[in-house]
Amino acid sequence: MAKVYQLVTLGSYTQAQFDEFAHSLLFADSIVPVFTQTESGTNNKNIVVTSSVESTNFLASAYELLADDSQSETAIDIATGKFVDGNLIAVLCTTAEAQEDMRNFVTYFATSGDIHLHIGLCNTTQSQDYTPGIVANNRVIKMMTPSQVQSLGL
């Protein structure tokens, strides 16, 4: 009950594209960074993800299914829009923003640019007086509350 796919770590996914695989990152059994080079010399930073949570081939040039055991993966379609301390988060942002607004996070560097994939926990709470940089800069994001995570039983 797991799918294995390779994803080029671009810093330029749209929110709709990110939504196709973000839950599988939040609940991944493993994420392994790999470096590939094409015959023409193009360098790519990729991640190989094993997850029992559904992901979709949204962009043939960035997403490649490597293995699927033909059993159904869990489909998750919940998220929260509130940036609250302790929420589970996957986001495309700068390392400085991640260091300011996240804790216990892992960074997967993008092939180019300064926007990278970060997975971890929100370290701050948005309020009338404070807006995290990740939110202020309209970053591509997927968040879940601890109670949402617990209700899934994964």
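Two strands pair if DSSP finds at least two bridges between them. Helices (H or I, at least four residues) and strands (E, at least two) are themselves DSSP runs, numbered from the N terminus. This is a predicted model, in which local features need pLDDT of at least 70, side-chain atom pairs count only at pLDDT 80 or more, and totals for chains, interfaces and linings use all residues. Residues are numbered from 1 along each chain as its sequence is written, and side-chain values use heavy atoms, with hydrogens and water left out.

**View 1. An open sheet has four strands.** Their order is E2-E3-E1-E4, and the pairing is antiparallel. Which strands stand at the edges? They are strand E2 (28-37) and strand E4 (63-68). Each has a single partner strand, so one side of each is left without a neighbour in the sheet. On average, neighbouring strands are turned by 20° against each other, direction ignored. Here axes are lines fitted to C-alpha atoms, for helices over the stretch in contact, and angles run from 0 to 180 degrees between N-to-C directions.

**View 2. E1 and E3 run antiparallel.** Six bridges join the two strands. Val4 stands opposite Thr50 in E3.

**View 3. The largest nonpolar core has 27 residues.** A nonpolar core is a set of buried Ala, Val, Leu, Ile, Met, Phe, Trp, Tyr and Cys residues joined through side-chain atoms within 4.5 Å. Buried means under 20% relative accessible area, exposed over 50%, and partly exposed in between (1.4 Å probe, protein chains only). Which residues touch the most other members? They are Leu7, Phe18, Phe21, Leu25, Ile47, Leu117 and Ile119. Several elements give two or more residues to this core, including strand E1 (3-8), helix H2 (22-26), strand E3 (43-51) and strand E7 (116-122).

**View 4. Cys93 and Cys122 are in no disulfide.** A disulfide is a pair of cysteine sulfur atoms within 2.5 Å. By this rule the count is zero. For Cys93, the nearest cysteine sulfur is that of Cys122, 10 Å away. Are these cysteines buried or exposed? Cys93 is buried, with a relative accessible area of 0%. Cys122 also counts as buried, at 0% relative accessibility.

**View 5. Asn104 and Asn138 have positive phi values.** Phi of Asn104 is near 50°, and this residue is not a glycine. Asn104 lies in strand E6 (residues 102-108). Asn104 counts as exposed because its relative accessibility is 63%. For Asn138, phi is about 55°. Where does Asn138 lie? Asn138 is in the loop between helix H4 (133-136) and E8. At 69% relative accessibility, Asn138 counts as exposed.

**View 6. Ile76 is a buried loop residue.** Ile76 is found between E4 and E5. Its relative accessible area is 13%, so Ile76 is buried. Glu39 is 37 residues from Ile76 along the chain, and their C-alpha atoms are separated by 37 Å.

**View 7. Confidence across the model is given by pLDDT.** This is the predictor's confidence in each residue, from 0 to 100. The protein averages 88, and 98% of the residues score at least 70. Among the elements, helix H5 (residues 146-152) has the lowest mean pLDDT, 85. Helix H3 (residues 95-101) has the highest, 96.
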